[in-house]
Amino acid sequence: MTIYEELQWRGLIESISDPALIEKLNAGGMTFYIGTDPTADSLHLGHYSSFLITRRLAEAGHHPIILVGGATGLIGDPRGTVERELSQKEIVFRNFEALKSQVQKLFPYPVVNNYDWMKDMTALDFFRDIGKYIGVGYMLSKDHVKRQMETGISYAEFSYMLIQGYDFKYLHEHKGVDLQVAGSDQWGNITTGIELIRKTTGDTVYALTMPLITDSQGNKFGKSEGNAVWLDRTKTSPYELYQFLLNAEDVMAVPYLKLLTFLTREEIEDIEQKHNAEPHLRLAQKALAKAIVTDLHGADAYEEAMRISEQLFSGDIRSIPPHDLLAGLKNVPHFTVTEGSRLLDILKAGGIASSNREANEFLNAGAISLNGEPVRDGNRTIGKEDAIDGTFLVLRRGKKKYYVATFA
């Protein structure tokens with residue numbers, strides 16, 4: 001299977017700018033770049049899907065360059081919703097350093113910053129050397145600009161595609177870049193670069209875009225969507241990442257294996273067959289979680305996430321870090337209680353028992369535990385000294401039914 005065929009099979013190709021790119025991809029030897037703006041101090045899972053292509057293409061004999069855009073990060077690209085809030089320079093520069101460090105650990109390829117070649121360019125230089133080659137009608141025809149026009153677009157954001165286009169031109173002329181790779185939402189910006197290079201040098205360069213990673217409803221995984229799963233373990237712990245992937249929808253688990261892992265086609269098809277036969281075993285999700293957590297944080301972090309999951313299942317919750325415990329109980333019922341309430345009243349407040357009689361039945365049968373310890377005294381008053389980390393209580397009814405209570 002050629003690299004192009006593999007990318008297609010994995011669902012990693014949305015569009016290419018020229019059919020001639022297929023042969024060039026299969027032959028190897030291209031220098032390409034992929035970029036992101038430093039709008040945060042960590043990449044998220046949506047970036048991970050895109051940036052994995054650097055490894056795939058590198059293994060096929062191509063040469064990756066990663067751009068972290070300090071200049072474009074100060075402007076913001078049109079999103080089709082609202083204009084990105086302008087960031088202060090010191091925040092952008094701090095984020096750049098954080099992303100550069102993170103990227104080089106995960107994807108050990110050269111990292112460049114477009115601020116380096118944009119910072120000394122004057123407005124006159126920009127208009128003369130870039131702006132005069134790209135028509136306003138051409139820019140207005142781009143889908144991402146059309147969408148933003150409905151809610152308003154600043155001249156700064158309107159010009160974003162020219163800056164990204166110049167990035168392509170600069171890297172083509174100074175680094176030999178002849179291919180830009182990006183998510184499908186960047187198609188208009190990339191093709192502007194292709195047009196600028198054609199008009200100023202006569203050279204032919206290429207574009208490849210990938211589908212954005214989404215759930216089954218088409219919702220993106222990203223910071224702007226409010227559901228970012230961060231690659232920085234201090235922002236999203238390995239256990240949180242493990243749980244997120246373990247809870248992937250059945251219909252999306254196998255597509256995610258193709259997009260987000262380096263498991264072979266034979267391995268994925270074997271998992272898919274078993275997954276379809278017994279989806280309740282969540283074999284695809286388990287393989288997904290193992291591959292990604294191990295790749296990002298190492299085998300030890302994956303084993304620790306597994307251990308925490310087993311402890312939670314067995315009820316041994318006292319040894320689980322509070323942050324990870326809350327992550328594991330994210331989808332169980334949560335409710336608030338008043339400090340000093342009787343345990344009986346707490347059981348009723350959380351819907352754990354419907355009445356005092358039922359609550360006492362559960363307690364007498366040993367079916368209720370508080371923070372992993374069996375409790376039987378319904379008249380016991382509960383205070384913050386009983387809470388985990390001084391903030392929350394974990395109640396369990398039976399073997400699997402968990403609840404989380406916090407003090408009002």
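In this predicted model, the side chains of Lys348 and Asp345 meet in a salt bridge with an N-to-O distance of 3.8 Å, a salt bridge being a side-chain nitrogen of Lys or Arg within 4 Å of a carboxyl oxygen of Asp or Glu. Both residues lie in helix α19 (residues 343–349), 3 residues apart, about one turn of the helix, helices being DSSP runs of H or I of at least four residues, numbered from the N terminus. Lys348 is partly exposed at 33% relative accessibility, and Asp345 is likewise partly exposed at 32% (buried means under 20% relative accessible area, exposed over 50% and partly exposed in between, with a 1.4 Å probe and protein chains only). Salt bridges that share partners also join Asp125, Arg128 and Asp129 into one network, and the count of salt bridges by this rule comes to 16.

Residues are numbered from 1 along each chain as its sequence is written, and side-chain values use heavy atoms, with hydrogens and water left out. Because the model is predicted, local features need pLDDT of at least 70 and side-chain atom pairs count only at pLDDT 80 or more, whereas totals for chains, interfaces and linings use all residues.

In helix α15 (residues 265–277), which includes Arg265, Asp270 forms a salt bridge with Lys274, the closest N and O atoms being 3.3 Å apart; the two are 4 residues apart, and therefore separated by about one helical turn. Asp270 is partly exposed at 34%, as is Lys274 at 43%. Arg265, partly exposed at 33%, is in contact with Met1 and Trp9 when neighbours within four places in sequence are left aside (contact means heavy atoms within 4.5 Å). Arg265 and Trp9 are 256 residues apart in sequence, yet their C-alpha atoms are 8.6 Å apart in space.

The axes of α11 (residues 160–175) and α12 (residues 187–201) come within 8 Å and cross at roughly 55°, the axes being lines fitted to C-alpha atoms over the stretch in contact, with angles from 0 to 180 degrees between N-to-C directions. The two helices are therefore oblique to each other (angles under 35 degrees count as roughly parallel, over 145 as roughly antiparallel, 65 to 115 as roughly perpendicular and the rest as oblique). Residues making this contact include Lys169 and Glu173 of α11 and Ile190 and Leu196 of α12.
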